[in-house]
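Work through the exercises below with the sequence and the model in view. Each task is followed by a solution in steps.

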Amino acid sequence: MKTNLITPEGMTKLKTELNYLWREYRPEITKKVTWAASLGDRSENADYKENKRLLRQIDGRVRFLRKRIENLKVVEYAAEQEGKIFFGAWVEIENDAGDILQFRIVGPDEIYGDAKGYISIDAPMARALLKKEVDDDAVVPTPTGPQDWYINKISYTAL
């Protein structure tokens, strides 16, 4: 089950997508369907079939976004979070081999598309890092066994 948390930036992105789909993309596709339907025989009309398929996809995504947005809780930054890893934190960690990772812990709805450097709060890595401070060690369960990571930096603005 997904966690129902989201950053303010993530909520803005979802609302922007919903607005675009409903107010711009759907009317555009509806016009194409109307035009294709006016050509006559719909059974052999590839434009009609394709645009109807797109319309179903759009409607499905709009229904999903409306329901999901309604159930999400926006988590704002609080000064009490400073110095520890919580939801919305940018984190830099390093392992014994010297591998360095930088990422932000966000809600599961924010890790798709162009969201580079984000991991879900539901990921084992994020769960292992929660409430840790700089210079702490975190043991992360992996399929190959536990891995140790050292926390270098924590920030609530981009690293």
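A pocket is an open set of grid points with protein on both sides within 12 Å along at least five of seven lines, and its lining residues have an atom within 4 Å of a point. The model used here is predicted.

**Exercise 1.** Describe the largest pocket and its lining.

Step 1. The space in the largest pocket comes to about 320 Å³.

Step 2. Its lining is made up of 16 residues, and Lys 13, Leu 14, Asp 109, Glu 110 and Tyr 112 are the ones nearest the centre.

Step 3. H1 gives the most, with five residues.

Step 4. Sorted by type, the lining holds eight charged, six nonpolar and two polar residues.

**Exercise 2.** Find the largest nonpolar core and the elements that supply it.

Step 1. This core has 19 residues. Those with the most contacts inside it are Ile 85, Val 91, Ile 93, Phe 103, Ile 105, Met 125 and Leu 129.

Step 2. At least two core residues come from each of strand S3 (90–95), strand S4 (100–106), helix H3 (124–129), strand S6 (137–140) and strand S7 (147–155). H3 supplies the largest share, four residues.

**Exercise 3.** List contacts of Ile 93, leaving aside neighbours within four places in sequence.

Step 1. Contact here requires heavy atoms within 4.5 Å.

Step 2. Ile 93 then touches Asp 99, Ile 100, Leu 101, Phe 103, Met 125, Leu 129, Trp 149, Tyr 150, Ile 151 and Asn 152.

**Exercise 4.** Which residues does the second, separate core include?

Solution. The second core has 17 residues, among them Leu 18, Leu 54, Val 62 and Ile 69.

Definitions and conventions. Residues are numbered from 1 along each chain as its sequence is written. This is a predicted model: local features need pLDDT of at least 70, side-chain atom pairs count only at pLDDT 80 or more; totals for chains, interfaces and linings use all residues. Side-chain values use heavy atoms; hydrogens and water are left out. On a 1 Å grid over the protein atoms alone, a cavity is a set of points where a 1.4 Å probe fits but cannot get out, and a pocket is an open set with protein on both sides within 12 Å along at least five of seven lines; lining residues have an atom within 4 Å of a point. Grid points are joined across faces, edges and corners, and a volume is the space filled by probe spheres set on the points. Ala, Val, Leu, Ile, Met, Phe, Trp, Tyr, Cys and Pro count as nonpolar, Asp, Glu, Lys and Arg as charged, and the others, Gly among them, as polar. A nonpolar core is a set of buried Ala, Val, Leu, Ile, Met, Phe, Trp, Tyr and Cys residues joined through side-chain atoms within 4.5 Å. Buried means under 20% relative accessible area, exposed over 50%, partly exposed in between (1.4 Å probe, protein chains only).
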